[in-house]
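User: I have just opened this one and would like to walk through it with you. Could you take my questions as they come?

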Amino acid sequence: SRLRPLFTLGAGGRLGSGRQYMSWISLEDQVRALLFALTHETLSGPVNLTGPAPVTNVEFTTALGRALHRPTPLAVPGFAVRAAVGEFADEGLLVGQRVIPAALERAGFAFHHNTIGEALGYAVNHG
């Protein structure tokens with residue numbers, strides 16, 4: 001929801017190289033995963049609440065632009081991101097983690113939104 005106004009105005013774009021991985025999860029799947037975790041005793045230990053297919057920042061940017069029917073030709077260079085948000089740029093925006101929901105999947109959780117395109121399409125049309 002925070003990025004939607006920028007992308008709607010055609011000002012959405014990748015951050016830095018765009019190769020950093022981003023984990024994501026739809027709100028619907030997050031709520032369902034929490035309920036699943038609370039009701040399945042076989043699930044124990046750390047549980048990553050992420051969607052099943054992490055994407056790069058470029059893939060996320062492209063998918064959000066597609067969902068909003070807006071182009072995403074812009075790129076924000078790393079130095080500009082650092083100037084805007086300081087050290088958080090190198091801790092959160094320009095680096096990535098490819099987190100997967102291994103424990104949820106092993107326990108049999110089934111996602112409703114398996115791709116970033118499905119999740120963003122649903123969010124744009126229902127949120």
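User: Let's start with H69: is it buried or exposed?

Analyst: H69 counts as exposed, because its relative accessibility is 68%, and the cut-off for exposed is over 50%. Please keep in mind that this is a predicted model, so such values are computed from predicted coordinates.

User: Where is H69 in the chain?

Analyst: H69 sits in the loop between α3 and β4, the latter spanning residues 74-76. Its backbone has a positive phi of about 60°, although H69 is not a glycine.

User: OK, stepping back, how many helices and strands does the protein have?

Analyst: The protein has seven helices and four strands, and along the sequence they follow the pattern α-β-β-α-β-α-β-α-α-α-α. The C-alpha atoms fill a box of roughly 45 × 35 × 20 Å along the principal axes, and of the 127 residues, 31% count as buried.

User: What share of the contacts comes from residues 24 or more positions apart?

Analyst: Among contacts with a separation of 6 or more, residues 24 or more positions apart account for 84%.

User: Now the aromatics. How many aromatic pairs are there?

Analyst: The count comes to two aromatic pairs. One of them joins F36 and F109 in an edge-to-face arrangement, with 5.3 Å centre to centre and 70° between the planes. Since F36 lies in helix α2 and F109 in the loop between α6 (102-106) and α7, this pair ties together parts that are 73 residues apart in sequence.

User: And which ring pairs with F109 besides that?

Analyst: F109 also pairs with F111: the ring centres are 4.8 Å apart and the planes stand at 90°, so this pair is edge-to-face.

User: What does the side chain of D29 have beside it at H112?

Analyst: A polar atom of the D29 side chain lies 2.9 Å from the backbone nitrogen of H112. D29 counts as buried, because its relative accessibility is 0%.

User: How far is D29 from A67?

Analyst: Their C-alpha atoms are separated by 18 Å, and D29 and A67 are 38 residues apart along the chain.

User: Switching to T61, where is it and is it buried or exposed?

Analyst: T61 is placed in helix α3, and at 4% relative accessibility T61 counts as buried. A polar atom of its side chain lies 2.8 Å from the backbone oxygen of N57.

User: What else is T61 in contact with?

Analyst: Once neighbours within four places in sequence are set aside, T61 is in contact with F7, G13, R14 and T72.

User: Last topic, the largest pocket: what is its volume, and which residues lie nearest its centre?

Analyst: The largest pocket has a volume of about 1,100 Å³. Its lining is made up of 38 residues, of which S1, L3, F60, L64 and L120 lie nearest the centre. The elements that give two or more residues to this lining are α1 (4-8), β1 (13-15), β2 (21-22), α2 (27-39), α3 (57-68), α5 (88-93) and α7 (116-126).

User: Which element gives the largest share of that lining?

Analyst: The largest share comes from α7, with seven residues.

User: And how does the lining divide between nonpolar, polar and charged?

Analyst: The lining of the largest pocket divides into 22 nonpolar residues, 13 polar ones and three charged ones.

Note on methods
Residues numbered from 1 in each chain as written. Predicted model: local features only at pLDDT ≥ 70, side-chain atom pairs only at ≥ 80, totals over all residues. Heavy atoms only, no water. 1 Å grid on protein atoms, 1.4 Å probe; cavity = no way out; pocket = protein on both sides within 12 Å on 5 of 7 lines; lining within 4 Å. Points joined across faces, edges and corners; volume = space filled by probe spheres on them. Nonpolar A, V, L, I, M, F, W, Y, C, P; charged D, E, K, R; others polar. Buried < 20%, exposed > 50% of the residue type's maximum accessible area, 1.4 Å probe, protein only. Phe/Tyr/Trp six-rings, centres within 6.5 Å; stacked < 30°, edge-to-face > 60°. Polar contact = N/O pair within 3.5 Å; in protein donor to acceptor, adjacent residues only side chain to side chain. Contact = heavy atoms within 4.5 Å.
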